[in-house]
Amino acid sequence: MSILSIQSHVAYGHVGNAAAVFPLQLMGQDTWPIHTVQFSNHTGYGAWTGRVFDGEMIRELVDGIEARGALPKCDAVLSGYMGGAPIVEAVVDTVARVRKENPKAIYCCDPVMGDVGRGIFVQESIPDLIKSLAIPQADIITPNLFELELASGRTIKTLAEALEAAHVMRAMGPETVVVSSLLVQETADDSINVLVVTGEGAWIVKTPILPLPIAPNGAGDMLASLFLGNTLRGYSADQALSRTVSALYQVLKTTLDEGTRELQIVKTGQKLLEPDTLFAAEKVA
(Lines give C-alpha, C1' and ligand atoms only; values in the text may rest on other atoms or scores of the structure.)
Protein backbone atom coordinates (compact mmCIF):
# COMPACT_ATOMS: atom_id res chain seq x y z
CA MET A 1 0.00 0.00 0.00
CA SER A 2 1.12 3.57 -0.73
CA ILE A 3 -0.13 6.71 1.01
CA LEU A 4 0.31 10.37 0.06
CA SER A 5 0.40 12.35 3.32
CA ILE A 6 -0.09 16.12 3.02
CA GLN A 7 0.26 18.04 6.28
CA SER A 8 2.60 20.07 8.46
CA HIS A 9 6.09 18.96 9.46
CA VAL A 10 8.58 19.81 12.18
CA ALA A 11 12.32 19.16 12.31
CA TYR A 12 12.31 18.63 16.08
CA GLY A 13 9.55 16.64 17.76
CA HIS A 14 6.51 14.87 16.40
CA VAL A 15 3.51 16.65 14.92
CA GLY A 16 2.00 16.49 11.43
CA ASN A 17 3.99 14.30 9.08
CA ALA A 18 6.62 13.87 11.80
CA ALA A 19 3.92 12.07 13.81
CA ALA A 20 2.12 10.34 10.95
CA VAL A 21 4.75 8.94 8.60
CA PHE A 22 6.71 6.63 10.93
CA PRO A 23 3.65 4.68 12.21
CA LEU A 24 2.49 4.15 8.63
CA GLN A 25 5.94 3.00 7.53
CA LEU A 26 6.10 0.63 10.50
CA MET A 27 2.86 -0.92 9.24
CA GLY A 28 4.53 -1.51 5.89
CA GLN A 29 2.77 1.39 4.16
CA ASP A 30 4.97 3.20 1.63
CA THR A 31 4.31 6.82 2.64
CA TRP A 32 5.04 9.87 0.50
CA PRO A 33 5.09 13.04 2.67
CA ILE A 34 4.31 16.50 1.31
CA HIS A 35 4.65 19.28 3.86
CA THR A 36 2.23 22.21 4.08
CA VAL A 37 4.60 23.95 6.50
CA GLN A 38 8.04 23.16 7.83
CA PHE A 39 8.88 24.53 11.25
CA SER A 40 11.75 23.93 13.64
CA ASN A 41 9.28 22.71 16.28
CA HIS A 42 5.57 22.79 17.00
CA THR A 43 4.00 26.12 17.89
CA GLY A 44 3.05 25.00 21.41
CA TYR A 45 6.51 26.13 22.52
CA GLY A 46 5.54 29.72 21.70
CA ALA A 47 8.54 30.29 19.40
CA TRP A 48 9.63 28.58 16.21
CA THR A 49 11.38 29.12 12.89
CA GLY A 50 10.48 28.00 9.39
CA ARG A 51 7.81 28.83 6.85
CA VAL A 52 4.38 28.06 5.49
CA PHE A 53 4.28 26.71 1.94
CA ASP A 54 1.67 27.45 -0.72
CA GLY A 55 -0.81 25.54 -2.81
CA GLU A 56 1.26 25.90 -5.97
CA MET A 57 4.21 24.13 -4.37
CA ILE A 58 1.96 21.21 -3.41
CA ARG A 59 0.70 20.98 -7.00
CA GLU A 60 4.28 21.06 -8.30
CA LEU A 61 5.27 18.19 -6.02
CA VAL A 62 2.25 16.15 -7.09
CA ASP A 63 3.19 16.91 -10.72
CA GLY A 64 6.62 15.41 -10.03
CA ILE A 65 5.13 12.31 -8.40
CA GLU A 66 2.75 11.92 -11.32
CA ALA A 67 5.65 12.22 -13.76
CA ARG A 68 7.18 9.14 -12.12
CA GLY A 69 4.00 7.22 -12.93
CA ALA A 70 3.26 6.76 -9.24
CA LEU A 71 -0.31 8.06 -8.85
CA PRO A 72 -1.98 4.81 -10.01
CA LYS A 73 -0.09 3.11 -7.14
CA CYS A 74 -1.44 5.55 -4.53
CA ASP A 75 -3.99 3.77 -2.33
CA ALA A 76 -4.87 6.68 -0.04
CA VAL A 77 -4.44 10.38 0.60
CA LEU A 78 -4.10 11.64 4.17
CA SER A 79 -4.40 15.34 4.96
CA GLY A 80 -3.92 17.27 8.18
CA TYR A 81 -3.05 20.91 8.88
CA MET A 82 -3.45 22.85 5.63
CA GLY A 83 -2.50 26.40 6.60
CA GLY A 84 -4.25 28.46 3.93
CA ALA A 85 -7.09 28.45 1.41
CA PRO A 86 -4.88 27.64 -1.63
CA ILE A 87 -3.57 24.58 0.21
CA VAL A 88 -7.09 23.29 0.91
CA GLU A 89 -7.86 23.66 -2.79
CA ALA A 90 -4.59 21.96 -3.77
CA VAL A 91 -5.28 19.01 -1.44
CA VAL A 92 -8.78 18.50 -2.83
CA ASP A 93 -7.38 18.75 -6.36
CA THR A 94 -4.76 16.15 -5.45
CA VAL A 95 -7.45 13.75 -4.19
CA ALA A 96 -9.24 14.11 -7.54
CA ARG A 97 -6.01 13.50 -9.46
CA VAL A 98 -5.23 10.37 -7.46
CA ARG A 99 -8.77 9.01 -7.85
CA LYS A 100 -8.61 9.60 -11.60
CA GLU A 101 -5.67 7.20 -11.73
CA ASN A 102 -6.91 4.88 -8.99
CA PRO A 103 -10.68 5.09 -8.40
CA LYS A 104 -10.38 2.83 -5.34
CA ALA A 105 -8.08 5.27 -3.51
CA ILE A 106 -9.51 6.55 -0.23
CA TYR A 107 -9.16 9.97 1.35
CA CYS A 108 -8.72 10.41 5.10
CA CYS A 109 -9.18 14.04 6.16
CA ASP A 110 -8.10 15.19 9.60
CA PRO A 111 -10.02 18.50 9.64
CA VAL A 112 -7.55 20.49 11.72
CA MET A 113 -9.33 23.68 12.76
CA GLY A 114 -9.15 24.10 16.52
CA ASP A 115 -9.61 22.53 19.93
CA VAL A 116 -11.36 23.01 23.25
CA GLY A 117 -9.68 25.79 25.22
CA ARG A 118 -7.79 27.18 22.22
CA GLY A 119 -10.76 27.74 19.93
CA ILE A 120 -10.13 28.11 16.20
CA PHE A 121 -6.39 28.36 15.50
CA VAL A 122 -6.39 28.38 11.68
CA GLN A 123 -7.03 31.21 9.24
CA GLU A 124 -10.59 32.52 9.33
CA SER A 125 -11.53 31.08 5.93
CA ILE A 126 -10.23 27.56 6.58
CA PRO A 127 -13.16 25.97 8.50
CA ASP A 128 -15.69 26.85 5.80
CA LEU A 129 -13.36 25.60 3.06
CA ILE A 130 -12.69 22.32 4.86
CA LYS A 131 -16.43 21.88 5.38
CA SER A 132 -17.40 22.74 1.79
CA LEU A 133 -14.47 21.28 -0.16
CA ALA A 134 -12.51 18.66 1.77
CA ILE A 135 -15.04 16.85 3.96
CA PRO A 136 -17.46 16.02 1.10
CA GLN A 137 -14.60 14.27 -0.73
CA ALA A 138 -13.42 12.28 2.29
CA ASP A 139 -14.07 8.63 3.04
CA ILE A 140 -12.81 9.03 6.62
CA ILE A 141 -12.71 12.15 8.80
CA THR A 142 -11.07 12.37 12.22
CA PRO A 143 -12.26 15.52 14.01
CA ASN A 144 -11.84 16.16 17.70
CA LEU A 145 -15.00 17.07 19.60
CA PHE A 146 -14.50 20.81 19.03
CA GLU A 147 -14.06 20.28 15.29
CA LEU A 148 -17.12 18.02 15.14
CA GLU A 149 -19.22 20.77 16.73
CA LEU A 150 -17.76 23.38 14.38
CA ALA A 151 -18.26 21.34 11.21
CA SER A 152 -21.73 20.03 12.09
CA GLY A 153 -23.00 23.32 13.53
CA ARG A 154 -24.21 21.51 16.64
CA THR A 155 -23.53 21.78 20.35
CA ILE A 156 -22.58 18.39 21.79
CA LYS A 157 -23.08 17.59 25.46
CA THR A 158 -24.21 13.94 25.34
CA LEU A 159 -23.28 10.77 23.49
CA ALA A 160 -26.58 10.88 21.61
CA GLU A 161 -25.77 14.39 20.38
CA ALA A 162 -22.29 13.25 19.31
CA LEU A 163 -23.83 10.39 17.33
CA GLU A 164 -26.30 12.75 15.67
CA ALA A 165 -23.52 15.17 14.74
CA ALA A 166 -21.42 12.34 13.33
CA HIS A 167 -24.30 11.26 11.12
CA VAL A 168 -24.72 14.88 9.96
CA MET A 169 -21.11 14.67 8.80
CA ARG A 170 -21.67 11.28 7.17
CA ALA A 171 -24.55 12.77 5.20
CA MET A 172 -22.01 15.22 3.72
CA GLY A 173 -19.96 12.40 2.19
CA PRO A 174 -17.64 10.51 4.58
CA GLU A 175 -18.51 6.91 5.37
CA THR A 176 -16.53 6.88 8.62
CA VAL A 177 -16.28 9.53 11.34
CA VAL A 178 -13.71 9.14 14.13
CA VAL A 179 -14.15 11.58 17.03
CA SER A 180 -11.25 12.07 19.45
CA SER A 181 -11.35 13.82 22.83
CA LEU A 182 -14.97 12.76 23.32
CA LEU A 183 -15.85 14.53 26.55
CA VAL A 184 -19.62 14.27 27.03
CA GLN A 185 -21.92 13.74 30.00
CA GLU A 186 -21.40 9.98 29.89
CA THR A 187 -17.59 10.22 29.92
CA ALA A 188 -16.07 9.02 33.20
CA ASP A 189 -13.77 11.50 34.94
CA ASP A 190 -10.83 9.09 34.79
CA SER A 191 -11.04 8.14 31.11
CA ILE A 192 -10.56 9.47 27.60
CA ASN A 193 -12.91 8.23 24.91
CA VAL A 194 -12.64 7.98 21.13
CA LEU A 195 -15.74 7.29 19.02
CA VAL A 196 -16.10 5.80 15.55
CA VAL A 197 -19.37 6.02 13.60
CA THR A 198 -20.12 4.22 10.32
CA GLY A 199 -23.23 3.07 8.49
CA GLU A 200 -22.93 -0.23 10.36
CA GLY A 201 -22.87 1.17 13.88
CA ALA A 202 -20.88 3.11 16.44
CA TRP A 203 -18.20 2.07 18.90
CA ILE A 204 -16.21 3.72 21.70
CA VAL A 205 -12.76 2.86 23.01
CA LYS A 206 -12.02 4.05 26.54
CA THR A 207 -8.55 4.45 28.03
CA PRO A 208 -7.39 5.71 31.43
CA ILE A 209 -6.14 9.28 31.71
CA LEU A 210 -2.37 9.38 32.08
CA PRO A 211 -0.92 12.08 34.39
CA LEU A 212 1.02 13.89 31.68
CA PRO A 213 2.14 17.35 32.92
CA ILE A 214 1.59 18.83 29.43
CA ALA A 215 -0.62 17.18 26.83
CA PRO A 216 1.73 16.35 23.92
CA ASN A 217 1.06 17.95 20.55
CA GLY A 218 0.61 15.62 17.60
CA ALA A 219 -1.64 12.97 19.16
CA GLY A 220 -4.46 13.78 16.75
CA ASP A 221 -2.11 13.59 13.76
CA MET A 222 -0.91 10.20 14.91
CA LEU A 223 -4.46 8.96 15.54
CA ALA A 224 -5.51 9.80 11.98
CA SER A 225 -2.52 8.02 10.47
CA LEU A 226 -2.95 4.94 12.65
CA PHE A 227 -6.66 4.64 11.89
CA LEU A 228 -6.04 5.02 8.15
CA GLY A 229 -3.19 2.50 8.28
CA ASN A 230 -5.26 -0.04 10.19
CA THR A 231 -8.15 0.44 7.78
CA LEU A 232 -5.85 -0.23 4.83
CA ARG A 233 -4.64 -3.37 6.60
CA GLY A 234 -8.20 -4.68 6.40
CA TYR A 235 -9.46 -4.14 9.93
CA SER A 236 -13.13 -3.27 10.47
CA ALA A 237 -13.94 0.15 11.95
CA ASP A 238 -14.21 -1.15 15.53
CA GLN A 239 -11.03 -3.23 15.21
CA ALA A 240 -9.15 -0.32 13.61
CA LEU A 241 -10.25 1.98 16.44
CA SER A 242 -9.21 -0.54 19.08
CA ARG A 243 -5.74 -0.98 17.60
CA THR A 244 -5.34 2.75 16.94
CA VAL A 245 -6.26 3.94 20.42
CA SER A 246 -4.24 1.16 22.07
CA ALA A 247 -1.15 2.14 20.07
CA LEU A 248 -1.64 5.81 20.89
CA TYR A 249 -2.01 4.97 24.59
CA GLN A 250 1.25 3.01 24.40
CA VAL A 251 3.03 6.05 22.95
CA LEU A 252 1.56 8.35 25.60
CA LYS A 253 2.64 5.94 28.35
CA THR A 254 6.19 5.85 26.95
CA THR A 255 6.13 9.64 26.75
CA LEU A 256 5.12 9.84 30.42
CA ASP A 257 7.83 7.37 31.42
CA GLU A 258 10.43 9.40 29.53
CA GLY A 259 9.33 12.66 31.18
CA THR A 260 9.15 14.64 27.94
CA ARG A 261 6.47 16.71 26.20
CA GLU A 262 7.30 15.25 22.77
CA LEU A 263 5.53 12.06 21.68
CA GLN A 264 7.91 9.12 22.01
CA ILE A 265 6.84 7.48 18.75
CA VAL A 266 10.21 6.10 17.66
CA LYS A 267 11.09 4.81 21.12
CA THR A 268 7.76 2.97 21.28
CA GLY A 269 8.75 1.18 18.08
CA GLN A 270 7.17 -2.22 17.44
CA LYS A 271 4.77 -1.78 20.34
CA LEU A 272 2.85 0.53 18.02
CA LEU A 273 1.78 -2.65 16.26
CA GLU A 274 1.53 -4.89 19.33
CA PRO A 275 0.80 -2.67 22.35
CA ASP A 276 0.99 -4.05 25.88
CA THR A 277 -2.76 -3.54 26.34
CA LEU A 278 -5.40 -3.87 23.64
CA PHE A 279 -8.40 -1.76 24.62
CA ALA A 280 -11.60 -3.24 23.22
CA ALA A 281 -14.19 -1.25 21.28
CA GLU A 282 -17.61 -1.09 22.94
CA LYS A 283 -20.65 -0.94 20.65
CA VAL A 284 -22.86 2.02 21.53
CA ALA A 285 -25.24 2.20 18.55
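Tutor: Ten strands make an open sheet of mixed pairing, ordered 3-2-1-4-5-8-9-10-11-12. Strands here are DSSP runs (E, at least two residues), helices likewise (H or I, at least four), numbered from the N terminus. Two strands pair if DSSP finds at least two bridges between them. This is a predicted model: local features need pLDDT of at least 70, side-chain atom pairs count only at pLDDT 80 or more, and totals for chains, interfaces and linings use all residues. Residues are numbered from 1 along each chain as its sequence is written, and side-chain values use heavy atoms, without hydrogens and water.

Strand 3 (50–52) and strand 12 (281–283) are the edges, each pairing on one side only. Strand 12 runs antiparallel to strand 11 (residues 201–208), joined by three bridges. There, W203 stands opposite K283.

Helix 1 packs on the sheet and touches strand 1 (2–10), strand 2 (30–39) and strand 4 (76–79). Contact means heavy atoms within 4.5 Å. The direction of helix 1 makes about 150 degrees with that of strand 1. Axes are lines fitted to C-alpha atoms, for helices over the stretch in contact; angles run from 0 to 180 degrees between N-to-C directions. Helix 7 also packs on the sheet, touching strands that include strand 5 (106–109) and strand 10 (191–198). Its direction makes about 170 degrees with that of strand 4.

Helix 1 (residues 17–26) and helix 7 (residues 219–232) pack at about 25 degrees, axes 8 Å apart. That makes the two helices roughly parallel (angles under 35 degrees). Helix 1 contributes A19, A20, P23 and L24 to the contact; helix 7 contributes D221, M222, S225, L226 and G229.

Technical notes
Angles under 35 degrees count as roughly parallel, over 145 as roughly antiparallel, 65 to 115 as roughly perpendicular and the rest as oblique.
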